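My entries follow in the order in which I looked.

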Amino acid sequence: MAPASSYQLVAISYLVLFCLFLSSIAVADGAPATCRNDTPEVIVNRWVNGDEEEALYGWGATFGTILPEEAERGLKLPAVLSEPILGCNSSSSSKLSGSIALVLRGDCDFTTKAKVAQEKSSAALVVINTDEGLQEMNCGDDTDVNINIPVIMISKTGGEELKRSITDGKKVELLIYAPSHPIIDYSVVFLWMMAVGTVLTASLWSKITESEQSDESRNELSPKESDAAAAKDEEILHITTKSAVIFVISASSFLLLLYFFMSASFVWVLIVLFCIGGIEGMHTCITQLISSKCKDYGQKTVNLPLLGEMAVASLVVLIFCILFAVIWAATRMASFSWIGQDILGIFMMISVLQLAQLPNIKVATVLLCCAFVYDIFWVFLSPYIFRDSVMIAVAKGNNSGGESIPMLLRVPRLADPYGGFNMLGFGDILFPGLLVCFSVRFDKAYEKRVLNGYFLWLMVGYGSGLFFTYLALYMMNGHGQPALLYLVPSTLGTCVALGMLRGELSLLWNHGSESNEQTSPPMYDD
């Protein structure tokens, strides 16, 4: 196995890196609607020379007619490029009657383009954006809007594909409709279960991996076993108030670095780091599980260059973990790649939560409150400075050349006609998870049982906070939410409130300090 120092290095490095991605779900934000329509997402089915190709996704305008929700009610019509392509001149020679007009964004207002297309009897207007992503199309300063055709926008990549097919002389047909999102998103339920399960497993990991013989031999440790226990304690990264503040400042700096210099090569660096962290976490968790259940584990060893003496079973597990990460990286663009990404991420987070520990509620308050402000600022307030929500832009992987950032738990929206993924940042699990893991150690130190302890109620608080995160996401039409806005009050707030009600806030605040260690832990009845 790797030396103790490598575990500490992994804990420090990946806590700083992975807690950057705190936004629960990244969804494009738009300007407020100034016309009567909502701005629904739309699906554009397309056929090229009669062969159906992959559908495109767009965004409806706040003006124009409402699109049907079912594809069967839509019309399959030919697509025609406007001449000139900007579609701002009503005297153009384009024959758009009974067809869907394609125009390029720019040179005039969206309403002007729509009026020109309508004057030429076009059945619908598709605006091709000049960059990736979608821009909401509202009425602007035009108060005389009388548009009776549907108007939508598609991304630059999708538009270029359509233009290429048309200029090559191929027949392109489109069918546009706007289905509703399902009321209940089952992928959110699965994502909630994964997040809560990860925190629960990490909190109880020491009990899960506890050897069957440990209870009998706990008071009969040999000097060698005592040294091993001391070495294990040295591996733990004890977070301090100072390191908590420095961490959040470093995370903000790294987030800005990603925002300004995001590229495919930069994402590849993150993918490599993610694989290293996933391999380390998976190897650590699997070997701990095997060693706790198998008496003969570690008896057969082999001497390897760089790695030194290593158990044969540990080497086999390491090879498996490396192959798993390599296969995931090679197939990361496949539809099933989210499974491998989530497995690597969960193992890594369980490992990090064993290696990094909060000593008391004082440090937890500093860390979580800083993260609370950090999350809200970079999701809600950063658009006033940078024009974009920095957190959402980074989570979406803008300018990443089609690559996606792996430091997220992802679950596909299988029941949603628009597809896509629901996502949860690692920070939304690690930050509250550190506090929940502390509650387990505190309950054990003061010999508390389930109901009069803190662990159960913090787990309930974490699950409830995550539920309210997704409830807010649903109520705000899918706009990205800073999950820590709900998770910090539901976990830290629960812990502080219980401590005050029970008269134990001082014990929670000073736990682990020298002054508190001098006082023997009091006993509490159920």
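**Helix 4 against helix 11**

I began with helix 4 (residues 186–203) and helix 11 (residues 337–355), which pack at an angle of about 30° with their axes 9 Å apart. Helix 4 therefore counts as roughly parallel to helix 11, the classes being roughly parallel under 35 degrees, roughly antiparallel over 145, roughly perpendicular from 65 to 115 and oblique for the rest. I take axes as lines fitted to C-alpha atoms, for helices over the stretch in contact, with angles from 0 to 180 degrees between N-to-C directions; helices (H or I, at least four residues) and strands (E, at least two) are DSSP runs numbered from the N terminus. The crossing of helix 4 over helix 11 is right-handed, a term used if the near helix is turned clockwise from the far one by less than a right angle, and left-handed if anticlockwise.

On the side of helix 4 the contact (heavy atoms within 4.5 Å) is made by Phe190, Met194, Thr198, Thr201 and Ala202, and on the side of helix 11 by Trp338, Asp342, Ile346, Met349, Ile350, Leu353 and Gln354. Sorted by class, this contact has eight nonpolar, three polar and one charged residues, where Ala, Val, Leu, Ile, Met, Phe, Trp, Tyr, Cys and Pro count as nonpolar, Asp, Glu, Lys and Arg as charged, and the others, Gly among them, as polar.

**What I am reading**

The model is predicted: local features need pLDDT of at least 70 and side-chain atom pairs count only at pLDDT 80 or more, while totals for chains, interfaces and linings use all residues. Residues are numbered from 1 along each chain as its sequence is written, and side-chain values use heavy atoms, with hydrogens and water left out.

Strand 2 (residues 51–60) and strand 6 (residues 151–154) run antiparallel and are joined by three bridges; tryptophan 59 has methionine 153 of strand 6 as its bridge partner.

I listed its buried residues as Phe110, Thr111, Lys113, Ala114, Val116 and Ala117, with buried meaning under 20% relative accessible area, exposed over 50% and partly exposed in between (1.4 Å probe, protein chains only). Strand 4, strand 5 and strand 6 are among the elements that cover them.

**Backbone angles**

Which residue takes a positive phi just after helix 2? I found serine 121 there, at about 65°. Aspartate 107, in the loop between strand 4 and helix 2, has a positive phi near 80°, and at 72% relative accessibility aspartate 107 counts as exposed. Glutamate 447 likewise has a positive phi, of about 50°, and lies in the loop between helix 15 (427–445) and helix 16 (455–475). I noted these because most residues other than glycine have a negative phi, and most peptide bonds are trans. The peptide bond from glutamate 83 to proline 84 is cis, with omega near 0°, and proline 84 sits in the loop between strand 3 (77–81) and strand 4.

Key
Two strands pair if DSSP finds at least two bridges between them.
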